[in-house]
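Open the model in your viewer and keep the selection tool ready. We will go from stop to stop, with something to pick at each one.

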Amino acid sequence: MELPSNVQLFLKKLHKSVKRGIIGRSATSKTDMLMIAEGLYKICEIIPNEPHYAFVEIGTLYGASTIVLRSMLDIMGLDKTTLITID
């Protein structure tokens with residue numbers, strides 16, 4: 001399956017952010033995190049950049065997916081969107 005060019009560019013930016021931000025262990029592979037991010041990309045396209053929108057992550061563990069989620073929101077320009085993590 002060929003991804004649209006804008007999704008490919010987004011995933012390249014996210015991958016660079018993940019490589020810079022994650023040091024140590026993670027509960028999932030980077031490939032899996034990028035696949036999850038690809039799905040969330042579509043959701044983020046329709047969310048306005050407003051503080052009353054939030055993502056909730058349940059099961060943070062080592063925090064690697066939190067870095068991916070926050071990076072994804074920032075790359076998408078959703079810097080006012082809240083990220084709540086629960087472990």
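**Stop one: a charged pair**

Select Arg70. Arg70 counts as partly exposed because its relative accessibility is 24%. The scale runs like this: buried means under 20% relative accessible area, exposed means over 50%, and partly exposed is in between, with a 1.4 Å probe and protein chains only.

Before going on, note what you are looking at. This is a predicted model, where local features need pLDDT of at least 70 and side-chain atom pairs count only at pLDDT 80 or more, while totals for chains, interfaces and linings use all residues. Residues are numbered from 1 along each chain as its sequence is written, and side-chain values use heavy atoms, with hydrogens and water left out.

Arg70 forms a salt bridge with Asp74, and their closest N and O atoms are 3.1 Å apart. A salt bridge here is a side-chain nitrogen of Lys or Arg within 4 Å of a carboxyl oxygen of Asp or Glu. The count by this rule is one salt bridge. Both Arg70 and Asp74 lie in helix α3, four residues apart, about one turn of the helix. Asp74 has 43% relative accessibility, so Asp74 counts as partly exposed.

**Stop two: the whole chain**

Zoom out and switch to a cartoon view. How many helices and strands does the chain have? There are three helices and two strands. Helices (H or I, at least four residues) and strands (E, at least two) are DSSP runs, numbered from the N terminus. From the N terminus on, the order is α-α-β-α-β. Of the chain's 87 residues, 32% count as buried.

**Stop three: the nonpolar core**

Select Phe10, Leu14, Cys44, Phe55, Met72 and Leu73. Of the 18 residues in the largest nonpolar core, these touch the most other members. A nonpolar core is a set of buried Ala, Val, Leu, Ile, Met, Phe, Trp, Tyr and Cys residues joined through side-chain atoms within 4.5 Å. Colour α1 (5–21), α2 (30–44) and α3 (64–75): each supplies at least two residues of this core. Which of the elements gives the most? That is α2, with six residues.

Centre on Phe10. Leaving out residues up to four places away in sequence, Phe10 touches Ala37, Tyr41, Met72, Ile75 and Met76. Contact means heavy atoms within 4.5 Å.

**Stop four: the strands**

Select Val56, in strand β1. Val56 touches Ile84 and Ile86, again not counting residues up to four places away in sequence. Next, pick the C-alpha atoms of Val56 and Thr85. They are separated by 5.8 Å, although the two residues are 29 apart along the chain.

Move to Glu57, also in strand β1. Is Glu57 buried or exposed? Glu57 is buried, yet has no salt bridge. The nearest side chain of opposite charge, Arg70, is 11 Å away. For charge, Lys and Arg count as positive and Asp and Glu as negative; His and the chain ends are not counted. Apart from neighbours within four places in sequence, the contacts of Glu57 include Ser65, Thr66 and Leu69.

Ile84 counts as partly exposed because its relative accessibility is 38%.
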